Amino acid sequence: MTTNATTKLPEATARARAPGKLILSGEHSVVYGAPAVAIAVKQYTEVWFTPMHRTRGLRTVFENLATSQFYPVDALRSFKQSLDKRFDQFVRGELPVQKILQCPDDLAIYTMTSLLSLVPVPGTSSRLKLPVPGQLGGRSDLPIGAGMGSSASIIAATSLLYEHVFDRPQTSEERFKRVRFCERLQHGNGSAIDASAVVYGGMNRIQQDTLDPIPLDETHPLMSGEGWYWVLTGKPHSTTGECVASVRETWGHDQALWDAFGTCTDTLVDTLERGLNPVDLIKENHQLLQRIGVVPERAARFIAEIEAMGGAAKVSGAGSIRGDAAGVMLVYMPDHEAMMTVMAQHRDFRWERVQIDMEGAGLSDARASRGGNTALGSKSEPLQLQDKR
């Protein structure tokens, strides 16, 4: 096909985005019924769809997420079924969790395909055959597999995008459940804390099936990023699924340990709400994570440097059971000059001030209203989040 200067290429029909997340406390222990608390951060995954009717499938073009892949439209349902079967193999112990997905693009296409059950089967008089062939594009500010919720973020953004394309909007609670359901392919089961952050935004406490938004005053240091930072130490050598499995094998039945995590989390929430100094509680959380073996040596040395300068830091995610990199870390350092001094010794680490996203997943094209949940579902408190499939 040839083009000339007057040829108009198809434009994206819609764009959607979802934030990343940082876990303030409760990683790993949330699996055992303890509370966890996380914030959504202003680092985003954005996806868009461009219809191309002369093709017979969906082409993924993610700028910095994965390689381009082609998915024939007439094979999408069988594609979903094949991934469901691979997940069942994982559940039976026949397949490691990291082998469920063949490539990162699969997660976005699986999310889209899971929404097809909401769309009526087109009849002979239908003007639109779904799904429409075309190009699914995207980019992300989030590091892949480093504890900032990249998987949940791309699922939430893709889900909301195709809700718009299919004209089948869902509530935020329904979207939350879909993120959990789809993310099981990446981590072995859906992460409630990741899903809550990317869908609802803000700061949330989650325990089992109940989510409680935690309101913070606009002047709170966490809202302004005053003294709070995230530091990327590199992609962990072990996956979230591997870390969770390793911790379960050694510590799964130690209820006293998980109770200690839970007490630390709830005390931290109370401390933050009252505007008090959280240094001691972040240190305590770090010590608990060291105990279960998910803080690599280099990460522990970095945290010791932060503590020596009057701050505190912890792994914010699954961590790693091997290698030097721990993924993303949460740092509290009231003295910015001290933070600069420490980071000058770690020029290979990416770091930024924490900025909380208060909106969660939302449409982001020029025609959509700004903000994530105003038209397609909103927060309520507390929510009973039963994971019904």
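User: Which ring does the charged end of Arg184 sit over, and how far is it from the ring centre?

Analyst: Arg184 sits over the ring of Phe87, 4.5 Å from its centre. A charge counts as over a ring if NZ of Lys or CZ of Arg is within 6 Å of the ring centre and within 35 degrees of the ring normal. Arg15 is placed over the face of Trp48 by the same rule, at 4.4 Å from the ring centre. Please keep in mind that this is a predicted model, in which local features need pLDDT of at least 70, side-chain atom pairs count only at pLDDT 80 or more, and totals for chains, interfaces and linings use all residues. Residues are numbered from 1 along each chain as its sequence is written, and side-chain values use heavy atoms, with hydrogens and water left out.

User: What are the angle and distance behind the label for Phe302 and Phe349?

Analyst: Their ring centres are 5.5 Å apart and their planes stand at 80°, so this pair is edge-to-face. Phe302 belongs to helix α10 (residues 297–308), while Phe349 is in the loop between α11 (336–343) and β11 (350–353), 47 residues apart.

User: How do you know whether Thr45 is buried or exposed?

Analyst: Buried means under 20% relative accessible area, exposed over 50%, and partly exposed in between (1.4 Å probe, protein chains only). Thr45 has 1%, so Thr45 is buried. By contrast, Gln89 has 27% and therefore counts as partly exposed. Gln89 is in helix α1 (residues 76–91).

User: What does the side chain of Thr45 contact?

Analyst: Thr45, in strand β2 (residues 36–51), makes a polar contact with the side chain of Ser153 at 3.1 Å. The term covers a pair of N or O atoms within 3.5 Å; within protein, one must be able to donate a hydrogen and the other to accept it, and residues adjacent in sequence count only if both atoms are side-chain atoms.

User: Why does the span of helix α3 agree with expectation?

Analyst: Helices (H or I, at least four residues) and strands (E, at least two) are DSSP runs, numbered from the N terminus. The expected span is 1.5 Å times one less than the number of residues. The 17 residues of α3 (residues 150–166) should therefore span 24 Å, and the end C-alpha atoms are 24 Å apart, which agrees. In α3, 16 of the 17 residues are buried. Just after this helix, Asp167 takes a positive phi of about 55°.

User: What makes β8 and β11 a strand pair?

Analyst: Two strands pair if DSSP finds at least two bridges between them. Strand β8 (residues 228–232) and β11 have 4 bridges, in the antiparallel sense, so they qualify. In one of these, Trp230 has Glu352 of β11 as its bridge partner.

Conventions:
Phe/Tyr/Trp six-rings, centres within 6.5 Å; stacked < 30°, edge-to-face > 60°.
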